[in-house]
Amino acid sequence: MPNLDDPTATFQEFDRDGDGYITREEFALAMNARGEEVIAAELDSIFKVSDEHDGDVDGRISLAEFLVAWNR
Ligand SMILES: [Ca+2]
Ligand SMILES: [Ca+2]
């Protein structure tokens, strides 16, 4: 179990295929693995807020975007 206070470790846990981006599917799977249900509307708002920060709006969360979202 990674340290929950370490966002980089959490990012790596969520990024299951290790390509450096968290997709919606990876995010939902990671939350389910933690026993949390994530509904589509929550995913939409999380990804919208995160994607706004680097302006690429590619539907994936990079580590930089994740760190911004983490520190909100
Ligand atoms: Ca990935
Ligand atoms: Ca992005």
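## A walk from Arg 60 to the calcium site

Leaving aside neighbours within four places in sequence, Arg 60 is in contact with Asp 19, Tyr 21, Ile 22, Thr 23, Phe 47, Asp 51 and Glu 65, where contact means heavy atoms within 4.5 Å. Before going on: this is a predicted model, with local features needing pLDDT of at least 70, side-chain atom pairs counting only at pLDDT 80 or more, and totals for chains, interfaces and linings using all residues. Residues are numbered from 1 along each chain as its sequence is written, chains are lettered from A and ligands numbered from 1 in the order in which they are written, and side-chain values use heavy atoms, leaving out hydrogens and water.

Back to Arg 60: it sits in the loop between H3 and strand E2 (61-62). Helices (H or I, at least four residues) and strands (E, at least two) are DSSP runs, numbered from the N terminus. With a relative accessible area of 30%, Arg 60 is partly exposed; buried means under 20%, exposed over 50%, partly exposed in between (1.4 Å probe, protein chains only). Its C-alpha atom is 9.7 Å from that of Phe 27, 33 residues apart along the chain.

Phe 27 brings us to H2, where Glu 26, Phe 27, Ala 28, Ala 30 and Met 31 are buried. The buried residues of this helix pack against helix H1 (7-14), strand E1 (21-22) and H3. After H2 comes Gly 35, with a positive phi near 80 degrees.

How do H2 and H3 sit together, and at what angle do they pack? Helix H2 (residues 24-33) packs on helix H3 (residues 40-51) at about 120 degrees, their axes 11 Å apart. That makes H2 oblique to H3 (under 35 degrees is roughly parallel, over 145 roughly antiparallel, 65 to 115 roughly perpendicular, the rest oblique). Axes here are lines fitted to C-alpha atoms, for helices over the stretch in contact, and angles run from 0 to 180 degrees between N-to-C directions. On the H2 side, Arg 24, Phe 27 and Ala 28 meet Ala 40, Leu 43, Asp 44, Ile 46 and Phe 47 in H3.

Now for the metal. Asp 15 (OD), Asp 17 (OD), Asp 19 (OD), Tyr 21 (O), Glu 26 (OE) and Glu 26 (OE) coordinate the calcium ion (ligand 1) at 2.2 to 2.4 Å. Donors are N, O and S atoms within 2.8 Å of the metal (3.2 Å for Na, K and Ca); water is not among the atoms, so sites may look incomplete. Along the chain, the donors follow the spacing D-x1-D-x1-D-x1-Y-x4-E. Of these residues, Asp 15 counts as buried at 7% relative accessibility, whereas Tyr 21 counts as partly exposed at 27%.
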